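Take a moment with the sequence and the model before reading on. The walk-through starts at a single side chain and then widens to the whole chain.

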Amino acid sequence: MLDAVRGIDEARAEAFRRTTRWWRGRELREPLDKAPLPVLAAVEEALADLPVLDR
């Protein structure tokens, strides 16, 4: 995900990595809520490329 963002905006990717705080129940969309559409599209594509695990 970070590589996808870095491919569009390296400074945004670094800021996301340094400043985003995670806690139980926090969704990825929260820290990305003000990201420009190209960044959101890149994240969506990166996540879609992840393997799906059978449960």
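This is a predicted model: local features need pLDDT of at least 70, side-chain atom pairs count only at pLDDT 80 or more; totals for chains, interfaces and linings use all residues.

Thr20 sits in the loop between α2 and α3. Is Thr20 buried or exposed? Its relative accessibility is 12%, so Thr20 counts as buried; the cut-off for buried is under 20%. Setting aside neighbours within four places in sequence, Thr20 is in contact with Ala15, Arg26 and Pro31.

Now follow the chain to helix α3, residues 37–48.

Which residues of α3 are buried? They are Val39, Ala42 and Val43. These three cover an arc of only 100° around the axis, which puts them on the same side of α3. The general rule is that an α-helix has 3.6 residues a turn, so residues three or four places apart point the same way. On the other side of α3, Leu37, Glu44, Glu45 and Ala48 are exposed. The cover over the buried residues of α3 includes α1 (2–6) and α2 (10–19).

Step back to the whole chain. It has 3 helices and 0 strands, in the order α-α-α along the sequence. Buried residues make up 16% of its 55 residues. Among contacts with a separation of 6 or more, 37% join residues 24 or more positions apart. The accessible surface comes to about 4,700 Å², and carbon and sulfur atoms hold 52% of it.

How values were computed. Residues are numbered from 1 along each chain as its sequence is written. Side-chain values use heavy atoms; hydrogens and water are left out. Helices (H or I, at least four residues) and strands (E, at least two) are DSSP runs, numbered from the N terminus. The expected span of a helix is 1.5 Å times one less than its number of residues. Buried means under 20% relative accessible area, exposed over 50%, partly exposed in between (1.4 Å probe, protein chains only). The arc is that of the directions from the helix axis to the C-beta atoms. Contact means heavy atoms within 4.5 Å. Accessible areas come from the Shrake-Rupley method with a 1.4 Å probe; for residues, only the protein chains shown count as cover.
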